[in-house]
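Here's a quick briefing to read with the model open on your screen.

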2 protein chains.
Amino acid sequence: MPELRKDPVLGRWIIISKSRGDRPTDFPVEGYQEENGFCPLCPGNEHSTPPEVLAFRQGSDAPNQPGWQVRVVPNKFPALIIEGDLSKEGVGLYDMMNGIGAHEVIIESPNHDESFIDLTPERMFQVFKAYRERIRDLEKDPRFKYVMVFKNHGKAAGASLSHPHSQLIALPILPRMIVSELSGAKSYYRYKERCLFCDMIRQEIQMDERVVCQNEQFITIMPFAPRTPFEMWVLPKRHHSAYCRQSDEELLLLAELFSESMKRLAACIPNVPYNFVLHTEPLRSGGMKHYHYHFEIVPKMTSIAGFEWGSGFYINPMPPEEATTLLRKSLDSAKEKTDEKDTAG
Amino acid sequence: MPELRKDPVLGRWIIISKSRGDRPTDFPVEGYQEENGFCPLCPGNEHSTPPEVLAFRQGSDAPNQPGWQVRVVPNKFPALIIEGDLSKEGVGLYDMMNGIGAHEVIIESPNHDESFIDLTPERMFQVFKAYRERIRDLEKDPRFKYVMVFKNHGKAAGASLSHPHSQLIALPILPRMIVSELSGAKSYYRYKERCLFCDMIRQEIQMDERVVCQNEQFITIMPFAPRTPFEMWVLPKRHHSAYCRQSDEELLLLAELFSESMKRLAACIPNVPYNFVLHTEPLRSGGMKHYHYHFEIVPKMTSIAGFEWGSGFYINPMPPEEATTLLRKSLDSAKEKTDEKDTAG
């Protein structure tokens, strides 16, 4: 049985979830591994995952068969397990609870070699819709306080499978990252009676130094204090604290801007490994005036991550204003190159 | 001029320090790079670093010449710069200040191929003494609030040079990690009127499940909620909040235990990349009743770091109690193997 344990100094919860391996260096993190070219996430191999909890299909409705565009399955080797009652326990001055939770894999495409960045906005929308549906469903379970949705792309960013997928973890506790954000945002709201993120968006649009792109409802900015070069945040322009309350129309506009942002990044740094994480309000919060949902996209430059990991402190060699300029130009220059090629050909 | 920028949501400070490179993927993080087999940290190449700020030599006292055992130099490509007055500035709702600070490299050995783990306790003591001397010196500068000492070993842990070295950064702000620790430790002290770390050590000795090794004054434990397999903390058994107030005798005992702990780790996972960070009280705090200095040693298993990086949440596949058992046995079994070999030979 996995365990949730709390660091008594920082209040940080971690999951202890024993791996199947015996050797101390044998740690399958996402559970799935491609073996001998067999991909458990490919169409035709639906039997090699637990039964799906959600799928978007055109035509036939038969579950666990090929024909899906997006498919969500429980992780076969989950970090937390879904069955059981939550029980809390003290061990002297320490706190722990049993590892109740959900760990699911969102398979973003039936095509093994396709990348998330390659998806059309319409297909990316299907992925975003799957996130929403799963959060709405898991929200009904009173044991869970938070659903964390994230994607690791590329080995350097922690992905163990190349088939395009993201993950979600439903947790009986609030991750420390969210606790800290809520607390910072609440302090600001108490002082100003305005949402910090709304103010940030207004200032960014006015200054126009870190806005990568925008459409009528969403905006992609580089944060003022980014951890790494090319870190990007995608936010709704109007105040929304809960991702799972977004309409289809809103998610389609989100997908359009997300797709453009990722394409700009890829045009600038081909094959970049990256992570993104959805930051949204805790389950059943009922809409928070001081919090604003958003995605944080963090490209992973290995050497820099190493520095941070060691020191707990981020050194970023590229001012976000310069990175913004590069990203703004990137699609145009990629287009120019194609045009040149066409002319040359 | 580098800049310090504050994330308005989390209160996290980051350094923006432009690299020399023009390409967006060209990010020398530690500044130094080995080129064509030339190592700027080797004896004989003292001219290729800025003049030393400290060195321990036997015999001759001439600075910036070979003959040193440990040598401390300013980083040639520092993340922060030492000259100038501290100036704070608001940019709308954002906060920043100019990047005043010190960034130094502690060269741990004259031998390029030696590893920190290979050092005898007496030589490791020289390294610990160098940390102390540098902190004491930098503490005199009223612009600095904190000195962060850390080591990255191995490429996966962010080291760009193989010559054994650690680093320090003197900062005009408190790193968020320390702010959080101080705040957690203070809450506990207010409630119990006891140091949280002292209580933890008492409980660990009593439970004896996560104690890796100890001597009369120091103890190495695995934390109850470790981020990664084999994470270790080395702490003084008696209450000490400030590393830089430790005596030579104490640092020698620290070095002995640190050396044993690292040798146990290396016997269990050969060539493991790792980081360690000194967690000590802010400069000129005058001794805190609620804080307890310690080293955190974090082995880096790439796939796991990737997961954390993406999700902001740690999943550790190995309970610290099992890792402790492995480390307790590790030196003995390595010894047995040598004995067997000797017998076989």
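In this predicted model, 10 strands of chain A form an open sheet with antiparallel pairing. The strand order across the sheet is 3-4-7-9-8-13-14-12-11-10. Strand 3 (54-57) and strand 10 (211-214) of chain A are the edges, each pairing on one side only.

**Sheet of chain A**

- Neighbouring strands in this sheet are turned against each other by 15° on average, if you ignore direction.
- Look inside the sheet and you'll find strand 12 (residues 232-236) of chain A paired with strand 14 (residues 294-299) of chain A, antiparallel, over 3 bridges.
- On that stretch, A:Val234 sits opposite A:Phe295, which belongs to strand 14 of chain A.
- Helix 4 of chain A lies across strand 10, strand 11 (218-221), strand 12 and strand 14 of chain A. Against strand 10 of chain A, helix 4 runs at about 140°.

**Two domains in chain A**

- Chain A splits into domain 1 (3-143 + 151-168) and domain 2 (177-344).
- Where they meet, domain 1 of chain A puts in 19 residues and domain 2 of chain A puts in 23 residues.
- On the domain 1 side of that contact, helix 1 (121-139) and strand 8 (146-153) of chain A each supply at least two residues.
- Helix 1 of chain A gives the most to that side, with 10 residues.

**Nonpolar cores**

- The largest nonpolar core has 91 residues, and A:Ile106, A:Val147, A:Met148 and A:Val234 have the most contacts inside it.
- Helix 4 (residues 248-268) of chain A is the top contributor to this core, with 9 residues.
- Why does this core lie between domain 1 and domain 2 of chain A? Both domains give residues to it, so it lies between them.
- Apart from that core there's another one, of 89 residues, with B:Leu119, B:Val127, B:Tyr131 and B:Met262 among them.
- As background, nonpolar side chains in soluble globular proteins tend to be buried together.

**Contacts and burial in chain A**

- Which residues does A:Ile106 touch, not counting those up to four places away in sequence? The list is A:Val70, A:Val72, A:Val127, A:Ala130, A:Tyr131, A:His165, A:Ser166, A:Gln167 and A:Leu168.
- Of the 345 residues in chain A, 48% are buried.
- Take the contacts in chain A between residues at least 6 apart in sequence: 68% of them join residues at least 24 apart.

**A closer look at chain B**

- Helix 1 (residues 121-138) of chain B has 18 residues and reaches 26 Å from its first C-alpha to its last, close to the 26 Å expected at 1.5 Å a residue.
- Buried residues in helix 1 of chain B include B:Met124, B:Phe125, B:Val127, B:Phe128, B:Ala130 and B:Tyr131. B:Arg134, B:Ile135 and B:Leu138 of that helix are buried too.
- B:Val72 is in strand 4 (residues 68-74) of chain B. B:Val72 counts as buried because 24 other C-beta atoms lie within 10 Å, and the cut-off is 20 or more.
- Leaving aside neighbours within four places in sequence, B:Val72 is in contact with B:Glu52, B:Val53, B:Leu54, B:Ala55, B:Glu104, B:Ile106, B:Ala130 and B:Arg134.
- B:Val72 and B:Ile221 are 149 residues apart along the chain, and their C-alpha atoms are separated by 30 Å.

Note on methods. Residues numbered from 1 in each chain as written. Chains lettered and ligands numbered in written order. Predicted model: local features only at pLDDT ≥ 70, side-chain atom pairs only at ≥ 80, totals over all residues. Core = buried A, V, L, I, M, F, W, Y, C linked by C-beta atoms within 7 Å. Buried ≥ 20, exposed ≤ 12 C-beta atoms within 10 Å, placed from the backbone. Helix = DSSP H or I, 4+ residues; strand = E, 2+ residues; numbered from the N terminus. Domains from an automatic or database assignment. Contact = placed C-beta atoms within 7 Å. Expected span 1.5 Å × (residues − 1). Pairing = 2+ DSSP bridges. Axes fitted to C-alpha atoms, helices over the stretch in contact; angles between N-to-C directions.
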